[in-house]
Amino acid sequence: MTDLLKLSGVHTHIGRYHILQGIDLVVPQGQTTMLLGRNGAGKTTSLRTIMGLWQASSGEITLAGERIEARTTPDIARLGVGYVPESMAVFSDLTVKENLVLAARDGPLDDKQLDWIFGFFPALRRFWLSRAGSLSGGQKQMLSIARAIVEPRKLLLIDEPTKGLAPAIVMALIECLKEIKRKGATILLVEQNFFAARELGDHVLVMDNGTIVHRGEMAALAADVPLQERLLGLSLEAHQ
Amino acid sequence: MTELAANDPLPKPKRDLAPILLPIALALAMIPLVGSTSSWVTLTVASLAMGMMIFIMASGLTLVFGLMDVLNFGHGAFIAVGAYIGTLILLPFAAAMQADSLLANLAVLVPAILLAMAVSGALGLVVERVLILPVYGQHLKQILMTTGGLIVAEQTMYAIWGPAIIPLPLPASLRGSFILGDVAIAKYRVLAMLVGLAVFIAIQLVLNRSKIGLLIRAGVENREMVEALGYRIRRLFLGVFMTGSALAGLGGVMWALYREQVHASMSDDLTVLIFIVVIIGGLGSIGGCFIGAILVAMVANYGGFLVPKLALVSNILLMVAILMWRPRGLYAVTSR
């Protein structure tokens, strides 16, 4: 199993704040790595730093053996990184179709891929020509994920996809992400929902105060209630 | 959170017609105040023509504001440069311009406009690379740099063309009016309306029917996400900036012909109107800019006719009223 993404000693400053304080992590190819931690631990900053949206002040970021910490965001995206931000960031003035047309950077939309996406998210087919701004929160999240997978990507960075969604929508999203996993995608997934993390994760990284404080197998963390309480301040049982 | 059931139809987006109806309502409300029908038609046509020319000049600026978040206080320089460059062809070929043949007039006018747009667009390239690029995201510095650039551009124009006002007569075939009953409609105003409308339709087609247009609309809303999808938005910025500059150059030639004169400070008063249009239209909104330009021109023309003493402040009052009604402009596109 090779490591697709590797961060070594990455520091990120935002203004005068020192957010990431020497992150070391690896994301193995074809696996789903969960990034957990309380609010403000640095999870979103980690994804944004990998994506080049915030520049790492020091350290190395390697994607498939290629250094990317000094690359621009479009260059990193063109290396095959799909990004689903916490805010979803769908283009609300554009239709569902137009959002996906933009996401299909390398050419016209592939009908087969679209049918596969519509299999999970039938709402996107139904509202194909509707403005994205008029979709519900769950549908916007579906569109945001669809945008990241409308073309094959080496790595998906997904930031809290279940945040604020109704339980039924959360379950649909989990099923979709499982299917994306089964197709061999490599995913780095930030999640606060421990149930979703347990369902999806192969590996887990727990962050606190801008550093990685735990790394291991997701199944091991899910089975270790005292460890969950120590690292995350709650147990899976309490969360359920 | 309320989710739609699988078979529920999505609520259709409401068409926001209020801003579109505003100039129509304003024009209709002026009929009894103006009194004479012919005066009302003349004022209304003058408003539409002036509005179209202001729209041409402002359309680039609103995209630059909306997409690039750049406060370009030097936009007026492109207007004056366009007008001066136009004279380089229009004045040497004055005989053809004054010939009684529309074809002969257009044979001079069209190349003059194209050259003005090309030079203004090229100047936009230089300004974006030299003045704007180092200060992206820094509004105060943008104001200082672009205001400084405007002063340098104006003084350079004084140095090259001198301080005297250059007369620029209208082509012979565009002088005079179409007479409809007791109403006279100036030919040049009709041309200005047609060109403004053509520019508006062209911009709408590009924005709504092409991938570049999609990128511009998406970039106005969320630049960061456009980059995260793999598009180099800086190149798009440059293209939009050059197009906006070229349109300002087009507007400059048209405005100079409308006023039949060119001088280095010709854009000073226009710049105020253009900024009002961009603000009340909603930053980045071409539709809002179009309606805003017509409103500003209407207020200037009707206001100047009815209450001349208020003419200077009438557009500021319009802006205050619009922003009290819609604080982010007639059609809010960005969250700024």
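**View 1. Contacts and overall build of chain B.** In chain B, 78% of the contacts with a separation of 6 or more are between residues 24 or more positions apart, where two residues are in contact if their C-beta atoms, placed from the backbone, lie within 7 Å. The model is predicted, so that local features need pLDDT of at least 70 and side-chain atom pairs count only at pLDDT 80 or more, while totals for chains, interfaces and linings use all residues. Residues are numbered from 1 along each chain as its sequence is written, and chains are lettered from A and ligands numbered from 1 in the order in which they are written. Chain B holds 13 helices and four strands, which are DSSP runs numbered from the N terminus (helices: H or I, at least four residues; strands: E, at least two). The C-alpha trace of chain B spans about 70 × 50 × 40 Å along its principal axes.

**View 2. Helix 12 of chain B.** This helix, residues 286-306, has 21 residues and reaches 30 Å from its first C-alpha to its last, close to the 30 Å expected at 1.5 Å a residue, the expected span being 1.5 Å times one less than the number of residues. Helix 12 of chain B is mostly covered, with 17 of its 21 residues buried; a residue is buried if 20 or more other C-beta atoms, placed from the backbone, lie within 10 Å of its own, exposed if 12 or fewer, and partly exposed in between.

**View 3. Glu98(A) in helix 3 of chain A.** Glu98(A) lies in helix 3 (residues 96-103) of chain A, and it counts as buried because it has 21 C-beta neighbours inside 10 Å. Although Glu98(A) and Trp128(A) are 30 residues apart in sequence, their C-alpha atoms are 8.8 Å apart in space.
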